[in-house]
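I opened a notebook for a structure that was new to me. These entries set down what I looked up, in the order in which I looked.

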Amino acid sequence: MAAFVLKINGGEHRVDVDPQTPLLWAIRDGAGLMGTKYGCGVAQCGACTVHVDGQPVRSCSLPVSAVGASEIITIEGIKSREAQAVQKAWVALDVPQCGYCQSGQVMSATSLLSLNPKPTDEDIDLAMTGNICRCATYVRIRAAIHDAAKSLEG
């Protein structure tokens, strides 16, 4: 066991965990933030996506010891203009069904729009690869990303 101070959503959270503990469990169990979901445990489904220093990462496969002083943003703390546009589009187009994958989907979509404010279908498909939706709302996800991008133009 070791003590780590994680910078999450603008605050500091002390967690006492094994250094190889996945960041996901430090976020959920250590910091008490439950929005980031466990899906597969092998970085293949995207449910656990968070931003580390602005980049989307799969928190289920990143050891807490590798995070260092990086800034971690979870679904609870994402507040950028792009995030607000994505969240509004998600609601307007009724994207979620069961909702389980949505925090990871929103985190990936927000990252995409931060880097590419006018994505094509191909850009969206590439950026969202690895974000699995059990309910198969991929068409609505793509439409919502386009809708969010259009709302950011003005």
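Is Val15 buried or exposed? I found that Val15 counts as buried because its relative accessibility is 2%, where buried means under 20% relative accessible area, exposed over 50% and partly exposed in between, with a 1.4 Å probe and protein chains only.

Before going on I noted that this is a predicted model, in which local features need pLDDT of at least 70 and side-chain atom pairs count only at pLDDT 80 or more, while totals for chains, interfaces and linings use all residues. I also noted that residues are numbered from 1 along each chain as its sequence is written, and that side-chain values use heavy atoms, with hydrogens and water left out.

Entry on Val15. I placed Val15 in strand β2, with helices (H or I, at least four residues) and strands (E, at least two) taken as DSSP runs numbered from the N terminus. Leaving aside neighbours within four places in sequence, I listed Ala2, Ala3, Phe4, Leu6, Ala26, Gly30 and Ala31 as in contact with Val15, contact meaning heavy atoms within 4.5 Å. I also looked up Val64, which is 49 residues from Val15 along the chain, and the C-alpha atoms of the two are separated by 9.5 Å.

Entry on α1. After α1 comes Gly32, with a positive phi near 75 degrees.

Entry on positive phi. I looked next at Asp53, which is not a glycine and yet has a positive phi near 50 degrees; Asp53 sits in the loop between β3 and β4 (55-58). Asp94, also not a glycine, has a positive phi of about 50 degrees and lies in the loop between α2 (81-92) and α3 (102-115).

Entry on the domains. The domain assignment, which is automatic or from a database, gives domain 1 (2-73) and domain 2 (81-152). Their centres, taken over C-alpha atoms, are separated by 22 Å, and the contact takes 16 residues from domain 1 and 11 residues from domain 2.

Entry on Ser103. I found Ser103 in helix α3, and with a relative accessible area of 9% Ser103 is buried. Not counting residues up to four places away in sequence, Ser103 touches Gly35, Thr36, Lys37, Ala47 and Ile75.

Entry on α2 and α5. How do these helices cross? The axes of α2 and α5 (residues 138-153) come within 8 Å and cross at roughly 130 degrees, the axes being lines fitted to C-alpha atoms over the stretch in contact, with angles running from 0 to 180 degrees between N-to-C directions. That makes α2 oblique to α5, since angles under 35 degrees count as roughly parallel, over 145 as roughly antiparallel, 65 to 115 as roughly perpendicular and the rest as oblique. Among the residues making the contact are Ala85, Val86 and Ala89 of α2 and Ile141, Ala144 and Ile145 of α5.

Entry on α4 and α5. The axes of α4 (residues 121-128) and α5 come within 10 Å and cross at roughly 115 degrees. Here I listed Asp121, Ile124, Asp125 and Met128 of α4 with Ile141, Arg142, Ile145 and His146 of α5 as making the contact.
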